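Please open the model in a viewer and keep the sequence panel at hand. The stops below proceed by selection, each followed by a description of what is found there.

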Amino acid sequence: MSTALTGPAAELGRNMKQGVEAAMAEANAQGGIRGRQLRLIALDDGYEPDRTAPNMRYLIDNQHVLAIVGNVGTPTAVVAAPIAMRKRTLLFGAFTGAGVLRKNPPVRYVINYRASYAEETGAMVDSLVEQFGLQPQQIAFFTQRDAYGDAGYIGGVQALERHGLPDEARVAHGRYQRNTVAVENALADILMASEPVRAVIMVGAYEPCAAFIRMAKDSGLEAKYLSVSFVGPEPLAEALGAVGDGVIVTQVVPHYDSDSTIVKRYHTALERWDPDARPSFGSLEGYLSMQVLLAGLRTIEGPLDREAIVESLENLGDFDIGLREPLSFSPQDHQASHQVWPTVIRDGRVCPVEWTDLFAEEVRP
């Protein structure tokens with residue numbers, strides 16, 4: 001794993017790592033894979049692409065890893081994916097919903113667990129238009145100025161076009177620089193929109209998103225604020241405090257308080273791995289991603305090598321890990337899950353909710 005263990009996305013990286021390690025420890029306690037123990041080698045890239053490339057080469061060429069699992073971020077994935085492809089090493093379950101990892105037809109050595117950012121922003125747009133009654137041009141975007149922000153924005157605009165958006169130029173769009181909280185210009189671009197903005201879809205990190213929401217509310221922007229999962233809902237809620245009520249965050253895993261079989265297993269595994277750890281969406285995603293990878297590993301009958309693990313995942317077909325949601329892989333489909341769950345911040349907590357209930361309650365920031 002090459003991930004963010006320092007810097008503004010560090011909590012996401014640490015959570016993902018924690019979930020992967022908890023799943024590995026659980027598997028090792030049960031005998032590992034054919035008697036062999038799993039081990040995670042995690043290198044810090046600080047969410048910066050220029051540190052990801054040497055990490056990837058070191059893990060593959062020097063550590064001879066079987067696979068790369070749980071890398072965090074889109075700009076880092078843009079660098080990691082070509083290296084994985086050239087070196088024929090699986091890049092699995094990256095913590096990003098970017099289209100760069102979701103080619104059609106899929107790239108052999110890139111396989112995903114989570115729903116895409118386009119699916120997350122699409123779910124937001126569908127609900128804002130169909131259930132809350134907004135016009136497409138009343139929805140704005142606040143995004144990080146890189147491949148991550150672009151992925152969410154493009155998916156959102158495509159959803160708006162399905163709902164009759166006549167011209168992309170009518171969409172208010174503010175952008176900020178990665179690893180900064182300089183959001184003033186982005187807010188100005190949205191405030192100066194030719195049409196009144198009633199909802200803002202955010203595709204960014206939690207610190208700039210929190211700064212944007214605070215500044216937007218201080219400026220009198222009465223709107224709904226929605227964010228994709230990568231923001232990290234728990235740190236976002238903490239950073240916003242009392243002004244966070246009503247902020248909506250989509251998730252690509254169920255709530256960690258769900259009573260599904262696999263979530264209960266996650267709690268047990270996490271507590272055994274680190275009794276002081278707090279459950280989070282990020283560590284749950286790491287745990288679920290690793291469970292999917294383990295499902296593939298357990299089907300390998302011949303040598304445990306890099307090619308065998310790719311083939312094992314592609315041949316899983318429809319499978320169940322206790323999630324109550326269908327998962328599937330094939331040589332033509334390298335994304336296991338397409339499910340998006342909405343949550344809302346209330347009193348500093350991230351609460352599960354249904355879209356219909358959310359808008360029926362007229363939740364307002």
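## First stop: a pair of helices

Helices α1 and α10 are oblique to each other, the class left for angles that are not under 35 degrees (roughly parallel), over 145 (roughly antiparallel) or 65 to 115 (roughly perpendicular). This is a predicted model, in which local features need pLDDT of at least 70, side-chain atom pairs count only at pLDDT 80 or more, and totals for chains, interfaces and linings use all residues. Residues are numbered from 1 along each chain as its sequence is written, and side-chain values use heavy atoms, with hydrogens and water left out.

Select residues 10-29 for α1 and residues 281-297 for α10; the two pack at an angle of about 40°, and their axes are 6 Å apart. Helices (H or I, at least four residues) and strands (E, at least two) are DSSP runs numbered from the N terminus. Axes are lines fitted to C-alpha atoms, for helices over the stretch in contact, and angles run from 0 to 180 degrees between N-to-C directions. The crossing of α1 past α10 is right-handed, a term for a near helix turned clockwise from the far one by less than a right angle, anticlockwise being left-handed.

Next, display the side chains at this contact (heavy atoms within 4.5 Å). By class, nine nonpolar, eight polar and two charged residues make up the contact of α1 with α10. Here Ala, Val, Leu, Ile, Met, Phe, Trp, Tyr, Cys and Pro count as nonpolar, Asp, Glu, Lys and Arg as charged, and the others, Gly among them, as polar.

From α1, continue into the loop between α1 and β2 (43-44), where R34 lies. R34 is not a glycine, yet its phi is positive, at about 50°.

## Second stop: α2 and α3

Select residues 49-62 (α2) and 74-86 (α3), which pack at an angle of about 30° with their axes 8 Å apart. That angle makes α2 roughly parallel to α3. Their crossing is right-handed. Among the residues that meet are M56 and I60 in α2, and V79 and I83 in α3. The contact of α2 with α3 has nine nonpolar, two polar and one charged residues.

Strands of a sheet pair through backbone hydrogen bonds, either parallel or antiparallel. Select β3, β4 and β5, which form an open sheet in that order with parallel pairing; two strands pair if DSSP finds at least two bridges between them. The edge strands, each pairing on one side only, are β3 (67-69) and β5 (110-111). Strand β4 (residues 90-92) pairs with β5 over two bridges, and L91 stands opposite V110 in β5.

The peptide bond joining N104 and P105 is cis, with omega about 0°.

Strands β6 and β7 pair in the parallel sense over four bridges, with F141 opposite H173 in β7. Strand β9 (residues 224-227) is likewise parallel to β10, over two bridges, and L226 has I248 as its bridge partner. In β10 (residues 248-251), I248 and T250 point one way and V249 and Q251 the other, and all are buried, buried meaning under 20% relative accessible area, exposed over 50% and partly exposed in between (1.4 Å probe, protein chains only).

Select Q138, in the loop between α4 (117-130) and β6 (139-144). Q138 is buried, at a relative accessible area of 14%. Leaving out residues up to four places away in sequence, Q138 touches P196, V197, R198 and A199.

N179 is in the loop between β7 and α6 (184-191). Its phi is near 65°, a positive value in a residue other than glycine, and N179 is partly exposed at 31%.

Finish at E207 in helix α7 (residues 206-218). Is E207 buried or partly exposed? At 37% relative accessibility, E207 is partly exposed. E207 touches P8 and V181, not counting residues up to four places away in sequence.
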